[in-house]
Amino acid sequence: MKKKITPEIAQLLKQYNQGIRIDLGCGGNKQPGFIGIDLRKLPGVDIVQNLEEFPWPLPDNCATLVMASHLVEHINPHGGIFLRFMDEVWRILKPDGQFMMALP
């Protein structure tokens, strides 16, 4: 089941020719030059999304870099949620894209 890409998200994607950089779980501290995704609508959050609900509202192969700082340790490891999270990161990354994680 594919999630529909909203016009707002489509507009964000148009701003970047070579691919986007995504800050997953950015909170109120989104990195400059990144599209911020978080569960809560805070300043700097571009896409409000529960990252444990799939699919995310992003097209395949759209990101050159996905960053998750102090987020991955909060993803539910049970019932395949963590594996589905990693599958979504894989799905949205361009070939040769990078996934960076910072964990405690």
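The model is a predicted one, so local features need pLDDT of at least 70 and side-chain atom pairs count only at pLDDT 80 or more, while totals for chains, interfaces and linings use all residues. Residues are numbered from 1 along each chain as its sequence is written, and side-chain values use heavy atoms, with hydrogens and water left out.

A search of the whole structure turns up three salt bridges. The one between K30 and D46 ties together distant parts of the chain, 16 residues apart. K30 sits in the loop between β1 (20-24) and β2 (35-38), and D46 in the loop between β2 and β3 (47-48). Helices (H or I, at least four residues) and strands (E, at least two) are DSSP runs, numbered from the N terminus. Both partners are partly exposed, K30 at a relative accessible area of 28% and D46 at 31%. On this scale, buried means under 20% relative accessible area, exposed over 50%, and partly exposed in between (1.4 Å probe, protein chains only).

Next comes R91, whose side chain meets that of D60 in a salt bridge (2.8 Å, N to O). This pair also links distant parts of the chain, with R91 in helix α2 and D60 in the loop between β3 and β4, 31 residues apart. D60 is partly exposed, with a relative accessible area of 38%. R91 also meets E88 in a salt bridge, again 2.8 Å from N to O. E88 and R91 both lie in helix α2, three residues apart, or about one turn of the helix. With shared partners, these salt bridges join D60, E88 and R91 into one network.

E88 itself is buried, at a relative accessible area of 8%. Leaving aside residues up to four places away in sequence, E88 touches F54, P55 and W56, where contact means heavy atoms within 4.5 Å.

Two strands pair if DSSP finds at least two bridges between them. S69 stands opposite A102 in β5. From β4 the chain crosses through helix α2 (residues 81-92) to β5, and this β-α-β crossover is right-handed: with the strands pointing away from the viewer, the path from the first strand over the helix to the second runs clockwise.

How values were computed. A salt bridge is a side-chain nitrogen of Lys or Arg within 4 Å of a carboxyl oxygen of Asp or Glu.
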